[in-house]
Amino acid sequence: ACALGRPPPPRAAVRCQAAGACFSAYLANGSYAEARSACARRRGNLAWVSGEPELRLLLGLLGEAAAGPAPSLFWVGLKRNASACTDAGQPLRGFSWEGAGGGAAPQEVPAALGRWVKEPVRSCLTARCAGLHLAAAAPGGGPSWGWKE
């Protein structure tokens with residue numbers, strides 16, 4: 001999932017905020033580094049979420065892109081450097097947003113957005129990445145989601 005500057009590239013599945021970033025989904029199996037490179041080739045960065053409006057926009061876009069009941073993992077700009085430790089007391093568990101908006105990425109998210117499908121490995125030794133995990137629709141109609149290392 002990429003955060004793109006305006007205008008969005010042609011022929012891409014794109015959703016834009018009224019006054020903010022555009023998000024685009026690209027489907028391919030690959031690593032975090034490959035996903036980051038794919039976004040850079042499209043003049044963007046891996047997506048970030050600073051609040052519920054961005055999350056709803058991104059969930060809608062990725063729900064359409066996944067188009068099936070099978071769980072899907074989309075790389076976003078969540079990364080924990082090797083020098084940072086897992087912090088169970090924080091919504092992002094020590095992860096932070098990288099590369100969003102030319103370095104203007106929010107470093108924290110509201111507690112309500114700190115939903116993890118599976119808790120990340122407790123470590124301070126290796127860099128780790130996290131993605132946005134989507135599962136089948138929840139009883140309320142929207143996709144079930146959470147961060148996953």
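View 1. At 12% relative accessibility, Arg93 counts as buried; here buried means under 20% relative accessible area, exposed over 50%, and partly exposed in between, with a 1.4 Å probe and protein chains only. This is a predicted model, in which local features need pLDDT of at least 70 and side-chain atom pairs count only at pLDDT 80 or more, while totals for chains, interfaces and linings use all residues. Residues are numbered from 1 along each chain as its sequence is written, and side-chain values use heavy atoms, with hydrogens and water left out. Arg93 forms a salt bridge with Glu119, and their closest N and O atoms are 2.8 Å apart. (A salt bridge is a side-chain nitrogen of Lys or Arg within 4 Å of a carboxyl oxygen of Asp or Glu.) Glu119 lies in the loop between strand E6 (96-97) and strand E7 (128-137) and Arg93 in the loop between E5 and E6, so the pair ties together parts that are 26 residues apart in sequence. Helices (H or I, at least four residues) and strands (E, at least two) are DSSP runs, numbered from the N terminus. Glu119, at 46% relative accessibility, counts as partly exposed.

View 2. The closest N and O atoms of Glu149 and Arg80 are 3.8 Å apart. This pair links distant parts of the chain, with Glu149 in the segment after strand E8 (143-148) and Arg80 in strand E5 (residues 72-80), 69 residues apart. Arg80 is buried, with a relative accessible area of 1%, whereas Glu149 is partly exposed at 22%. Look for Arg128 here too: Arg80, Arg128 and Glu149 are linked in a network of salt bridges.

**View 3. Arg15 and Glu64 meet through their side chains in a salt bridge.** The N to O distance is 2.2 Å. Arg15 sits in strand E2 (residues 14-16) and Glu64 in helix H2 (residues 52-66), so the pair ties together parts that are 49 residues apart in sequence. Arg15 is partly exposed at 26% relative accessibility, while Glu64 is exposed at 53%. Also in this view, the C-alpha atoms of Glu64 and Ala13 are separated by 9.0 Å, although these residues are 51 residues apart along the chain. A search of the whole structure finds six salt bridges.

**View 4. Helix H1 has buried residues on one side.** Tyr32, Ala35, Ala38 and Cys39 are buried in helix H1 (residues 32-41). They cover an arc of only 120 degrees around the axis, which puts them on the same side of H1; the arc is that of the directions from the helix axis to the C-beta atoms. Just after H1, you will find Arg43 with a positive phi of about 60 degrees.

**View 5. The largest nonpolar core has 25 residues.** A nonpolar core is a set of buried Ala, Val, Leu, Ile, Met, Phe, Trp, Tyr and Cys residues joined through side-chain atoms within 4.5 Å. Leu58, Val76, Leu78, Trp97, Leu132 and Trp147 touch the most other members. H2, E5, E7 and E8 are the elements that give two or more residues to this core, and H2 supplies the largest share, six residues. Apart from this core lies another one of five residues, including Tyr32, Ala35, Leu46 and Cys129. In soluble globular proteins, nonpolar side chains tend to be buried together.
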